[in-house]
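Please read it beside the sequence and the coordinates.

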Amino acid sequence: MKVRRSLVAISALIGIAAIPAVSLASPPRPAGYLSLFLGASAPQDTTVTISEFNPVATKDARAQFDPGINIGGTAGYDFGFFRLEGEMSYKRGEISKVTEQTYGTRYLNTDGHLGAFAMMMNGFFDLHNESPVTPYLGGGMGFSTIGLSRTRGVDASTGARNDHIFQSDYDNVFAYQAGAGLDIALNRHLSLDLGYRYFGTSRASFTKDWPNSTDLKLASHNAAVGLRVKF
Amino acid sequence: MKNISKRFAALLLAAVICLGLGACGTGDGDQLVDGTLIPSLPSTVSVKTGTIATDSWGYTGSTPVQVAAPSQAEILISGRTLLMDDSLRVVSGNIPTKISFSSDRTTLSRAAQAYIPADCIAYLDISMGSAKSAFPELSVTVDVGVAAAGTTLTLRNYDVATGKWIAAQTTVVSSTGKITFPAKQLSLWGIFR
């Protein structure tokens with residue numbers, strides 16, 4: 001008898017606790033929203049082409065990265081099943097290794113980073129359902145300022161110390177992203193956003209030491225946790 | 001009259017003796033090495049300057065570079081040679097070069113002369129700005145005219161920090177009277193018997 005009462009009580013508690021969530025799994029409600037997110041960015045290995053004219057030399061170096069920060073915010077409008085938003089974000093990766101096959105150089109434990117400040121216009125489709133968890137997918141495009149820091153390292157082959165593997169410079173490039181995530185409703189106005197984005201750019205060309213140039217494309221995997229406030 | 005003739009004859013004889021003795025005391029200064037008469041090298045210092053370029057990673061271009069050097073020496077830098085300073089930091093940009101050659105060791109600095117072994121034939125001073133070492137080594141060829149073909153010579157590198165001449169390697173004089181050796185250190189090299 002006592003056991004049955006306890007079960008009923010627990011069931012009742014679970015039911016009461018579920019009421020807000022179920023009610024928030026509610027039909028889509030058009031409204032504006034703001035969000036902030038924070039996470040990690042893991043740039044993919046990239047080929048950095050360094051062209052120099054005195055002496056004439058071209059190097060195709062392979063840069064590898066350690067994950068870095070991914071932070072940003074959005075402002076947009078939820079039309080119900082589709083969201084349109086503007087996004088500002090900053091993501092960066094720490095340059096961990098630079099290798100060059102032709103020259104046989106292997107710079108390990110390098111000190112430098114590659115960052116991207118992006119301004120994007122995104123569109124996401126929300127797949128509303130009966131639960132408080134709304135999957136979504138979509139993408140966007142815009143512009144990004146890619147910043148390459150001065151990069152230092154020690155060549156594992158020769159022990160040579162290079163304080164300018166890459167020179168500090170930036171370039172503005174076209175950027176795009178695609179991603180998906182889960183929007184978990186916490187209450188009528190607030191939701192938790194767990195998102196993944198694949199972010200890429202067109203080729204950035206750093207020409208501070210013109211006519212010398214350093215060219216690369218950035219592509220990164222990004223994960224973030226965010227809070228979205230709907231008005 | 002007889003006396004005058006005698007005096008003139010004695011004077012003439014003395015002059016002939018003096019000339020003869022003088023002729024016996026002079027030579028052409030050449031040295032006899034292994035039975036071969038070889039003219040000695042000039043004792044002045046021959047100097048040649050120039051520049052070489054390295055990229056932002058400290059490498060020379062992809063093709064070999066001949067460094068401007070005095071006629072007695074040839075210095076070849078192979079393609080993609082890395083130049084580094086004392087602390088192994090890469091050296092980039094236009095690097096001034098100054099190559100000096102002499103067979104007169106008294107033209108060396110006092111510090112370098114202090115501990116120099118006596119059997120020095122010649123020296124070659126390789127100066128390339130702040131670059132102090134090369135990887136891979138430079139190929140250096142020196143015309144050592146005073147040493148006969150087949151002679152084994154010792155190369156010593158002058159260590160500025162200790163003031164000592166450090167034996168680096170030995171090399172054999174070729175049939176053309178030249179020696180060729182790899183030089184990693186861009187500094188003062190002495191050639192010794």
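What percentage of the 231 residues of chain A count as buried? The share is 31% of the 231 residues of chain A, where a residue is buried if 20 or more other C-beta atoms, placed from the backbone, lie within 10 Å of its own, exposed if 12 or fewer do, and partly exposed in between.

This is a predicted model, in which local features need pLDDT of at least 70 and side-chain atom pairs count only at pLDDT 80 or more, whereas totals for chains, interfaces and linings use all residues. Residues are numbered from 1 along each chain as its sequence is written, and chains are lettered from A and ligands numbered from 1 in the order in which they are written.

**The two chains**

Chain A has one helix and 15 strands, while chain B has two helices and 13 strands; helices (H or I, at least four residues) and strands (E, at least two) are DSSP runs, numbered from the N terminus. In chain B, buried residues make up 31% of the 193 residues. Two residues are in contact if their C-beta atoms, placed from the backbone, lie within 7 Å. For chain A, 65% of the contacts with a separation of 6 or more come from residues 24 or more positions apart, and for chain B, 69% of the contacts between residues at least 6 apart in sequence join residues at least 24 apart.

**A sheet in chain B**

Six strands of chain B form an open antiparallel sheet in the order 3-7-8-13-10-11, with two strands taken as paired if DSSP finds at least two bridges between them. Strand 3 (46–54) and strand 11 (164–172) of chain B each have a single partner strand, so one side of each is left without a neighbour in the sheet. The twist averages 20° from one strand to the next, as the angle between N-to-C directions of axes fitted to C-alpha atoms, on a scale from 0 to 180 degrees.

Strand 10 (residues 152–159) of chain B pairs with strand 13 (residues 188–192) of chain B in the antiparallel sense, and also with strand 11 of chain B.

| Pair in chain B | Bridges | Opposite residues, one example |
|---|---|---|
| Strand 10 and strand 13 | four bridges | Leu155(B) and Ile191(B) |
| Strand 10 and strand 11 | eight bridges | Arg156(B) and Ala167(B) |

Thr154(B) likewise stands opposite Phe192(B) in strand 13 of chain B. Strand 10 and strand 11 of chain B form a hairpin with four residues between them, and Gly163(B) in the turn has a positive phi of about 75°.

**Contact between the chains**

Chain B places 17 residues in contact with 15 residues of chain A. The side of chain B that touches chain A has eight nonpolar, six polar and three charged residues, where Ala, Val, Leu, Ile, Met, Phe, Trp, Tyr, Cys and Pro count as nonpolar, Asp, Glu, Lys and Arg as charged, and the others, Gly among them, as polar.
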